[in-house]
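Here are my notes on this model, written as numbered points so that you can follow them with the viewer open.

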Amino acid sequence: MECCRQLVVLVDVLLVLAFCGHIAWTVKASSQCKRALSREIRPHSVAITEFGAVGDGVTLNTKAFQNAIFYLNSFSDKGGAKLFVPAGRWLTGSFDLISHLTLWLDKDAVILGSNNPDDWPVVDPLPSYGRGVELPGGRHRSLIYGRNLTDVIITGDNGTIDGQGSVWWNWFQRKTLDYTRPHLVELMNSTGVVISNLTFLNSPFWTIHPVYCSHVIVQNVTILAPLDSPNTDGINPDSSNDVCIEDCYISTGDDLIAIKSGWDEYGISFARPSTNIIIRRLIGHNRNGSGIAIGSEMSGGVSEVYAENLYFFYSSTAITIKTARGRGGYVRNIYILNVTLVGVDTAIRFDSTFSPHPDDFYDPNALPVIERITIKDVIGNNIKVAGLLKGIEGDTFHHVCLLNIALTVTSGSPWNCSHIQGYSAMVSPETCEPLKESIYPNHSSDCYHLSNHLRSSVGILILAISQAQQQPHHQ
C-alpha cells in the first residue's frame, strides 16, 4: 500500500510538470501571436468614398482604391493611416497596399473582385517557383497585393472580401487560362503583417498567401469557397517565418492551410525556408485537400511547425506531408497535438508521389529529408484509414512519432506504411510495423518536442508503474 501511495504522489507531481511545460509553450506562442496587435491605432483616416468610390456592386473602383492609397502614403512616416471601407459592395480590380497602413472594412462592407481578367495585371513568377504554378510564364496579381512593406493590417468589423472566383474556376477547368490564376491576398517580402476579423470568399486560387514574409498574424478569419472549387487553399505561408494562424474557420475546395517553400530547383536555389509557424484553434473541412498540409512545394525547407487544437470534419485528409523525388529540401521538427476528427477519409498521410515539376531541369536525385515529426493526442470517429505513410525508396522518413492516438476506423487495413521509421505509444488501432517500437523509455529523445522535462517525467512514470507492478503486494 505504501508503494501505491508513493506512486500516486509521483504521478501527481509528474502531471503538474507536464502541465507546466504545456503552459510554457502556450505563453511563448501567445506572445508571438499578439506581438503586432498594438499597431491598429492610426492617427490619420480617410474613407474610400472621399475618392469617388461607389458601393453599388457595379461601378469599378480600382482607381479610387489606388488614389486613396497614394494619398495615404504621405502619412507613412507620421504614424501611418487607415483606409475605411464603409457598408456597400465595392467592385475593384487589383490594387497595391503601402507600409504603415490599415485597410478597415465595416461590418456590411464587401470588396468584390472584378470578373475582367484585365483588371488583374500579370506579374513575374515568384523566383522560388520559376514559373506560374499552373502555367509557364507569369501570373495574375492578387486582388489585394503588397511587396516590400512593413506594418500592414487588413482587418475590420467582419467585413467581406469576395474574389468572385467562379469565372476563374471555369477558365481553369476549360483550360482557357493564359496565365496562372490570382490569389485573393498576397503580401510579398513584407514584415509585420496582420490579417484579422474578416470573411474571405471565393478566391480564384489560393486565398491568403504571405510569401517571403516575416512576423505574420492571421486571426479570427473565415474563409469559404465551394467544396468543388479548384485549388482554393485557405492560408498558405510560403518561404515565411514567424507566422501565427489562430481562431480560423476554413471550408474550401483544397488544403485549409498549406505550408510551402518553393518548387524543385528554384526553391532549392532560392533557399528561403518556412520556419516558426504556429497554428491554433483551427476548424474546417474540405473535399479534396487536407486540414494541414506541408508541401508539396517545400524545396526551401519547412521546420519548427507547432499546431494544436484542430478540428476537421467530413474531409479528405487531416494531416499531410506532400513531397516527391526532385523536391530536395526538408521537413523537420513538426509537432501537432490535440486533434479531433469526424468523418475524415485519411487521418495522417505522407505522400511522396506529388510529381508535377516546373520544367525538365529539376534534379531527380534531389531527395527530401523528412524527419522528427511528432503527432499526439488525436481522437477520431468514422475514419476510413488511420494512416497512409509512404516514404521514398532509398530515402526513408525518420523519427516519425505517434503518441496517444485513438481512431474509430472503418477500413480493414487501417495503416499502410513503407520507407518509414519511427516510434509510437498508445495508438489505436495498432500502428504499422515500422512504427511499433515504443517511444518510452528509450526513444523519447528521437521524437521532436517531447521536451526534456516531459520526456523525463513520462519516462519515469512508465518505469515507476512497471516496477510497482512487478513488486509483490503486501496485505
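**Notes on the predicted model**

1. Strand β6 (residues 101–105) and β11 pair in the parallel sense, over five bridges. Strands here are DSSP runs of E with at least two residues, helices are runs of H or I with at least four, and both are numbered from the N terminus. Two strands count as paired if DSSP finds at least two bridges between them. Within this pairing, Thr-102 stands opposite Ile-153 in β11.

2. A word on the ground rules. This is a predicted model, where local features need pLDDT of at least 70 and side-chain atom pairs count only at pLDDT 80 or more, while totals for chains, interfaces and linings use all residues. Residues are numbered from 1 along each chain as its sequence is written, and side-chain values use heavy atoms, with hydrogens and water left out.

3. Back to β11, which also runs parallel to strand β14 (residues 191–201), joined by four bridges. There, Thr-150 has Thr-191 of β14 as its bridge partner. Strand β11 (residues 150–156) is mostly covered, with six of its seven residues buried. Buried means under 20% relative accessible area, exposed means over 50%, and partly exposed is in between, using a 1.4 Å probe and protein chains only.

4. Another set of strands is worth a look: four of them form an open sheet with parallel pairing, in the order β5-β10-β13-β15. The edges are β5 (95–96) and β15 (208–211), each with a single partner strand, so one side of each has no neighbour in the sheet. Two bridges link β5 to strand β10 (residues 144–147) in the parallel sense, and Phe-95 has Ile-144 in β10 as its bridge partner.

5. How many aromatic pairs does the structure hold? There are twelve, counting rings of Phe, Tyr and Trp (its six-membered ring) with centres within 6.5 Å; planes under 30 degrees apart are stacked, over 60 edge-to-face, and the rest tilted. One of them is the tilted pair of Phe-51 and Tyr-71, at 5.8 Å centre to centre and 45° between the planes. Phe-51 lies in the loop between β1 (44–47) and β2 (56–60) and Tyr-71 in helix α2 (residues 62–72), so the pair ties together parts that are 20 residues apart in sequence. Both residues are partly exposed, Phe-51 with a relative accessible area of 24% and Tyr-71 with 40%. Ring pairs also bring in Phe-75, giving a cluster of Phe-51, Tyr-71 and Phe-75.

6. The pair of Trp-168 and Trp-171 is edge-to-face, because the ring centres are 5.1 Å apart and the planes stand at 80°. These two residues are three apart in helix α3 (residues 166–173), about one helical turn. Trp-168 is buried, at 0% relative accessible area, whereas Trp-171 is partly exposed at 24%.

7. The charged end of Lys-82 sits over the ring of Trp-104, 5.1 Å from its centre, and Arg-332 lies over the face of Tyr-330, 4.3 Å from the ring centre. The criterion is NZ of Lys or CZ of Arg within 6 Å of the ring centre and within 35 degrees of the ring normal.

8. What does the second largest cavity have as its lining, by class? Nine residues are nonpolar, one is polar and none is charged; Ala, Val, Leu, Ile, Met, Phe, Trp, Tyr, Cys and Pro count as nonpolar, Asp, Glu, Lys and Arg as charged, and the others, Gly among them, as polar. Its volume is about 40 Å³, and the lining includes Ile-292, Thr-320 and Ile-375. A cavity is a set of points on a 1 Å grid over the protein atoms alone where a 1.4 Å probe fits but cannot get out; a pocket is an open set with protein on both sides within 12 Å along at least five of seven lines, and lining residues have an atom within 4 Å of a point. Grid points are joined across faces, edges and corners, and volume is the space filled by probe spheres set on them.

9. Lastly, the second largest pocket has a volume of about 470 Å³. Of its 25 lining residues, Asn-231, Asp-254, Asp-255, Lys-322 and Phe-354 lie nearest the centre. β22 gives the largest share of this lining, three residues. By class, the pocket lining has seven nonpolar, eight polar and ten charged residues.
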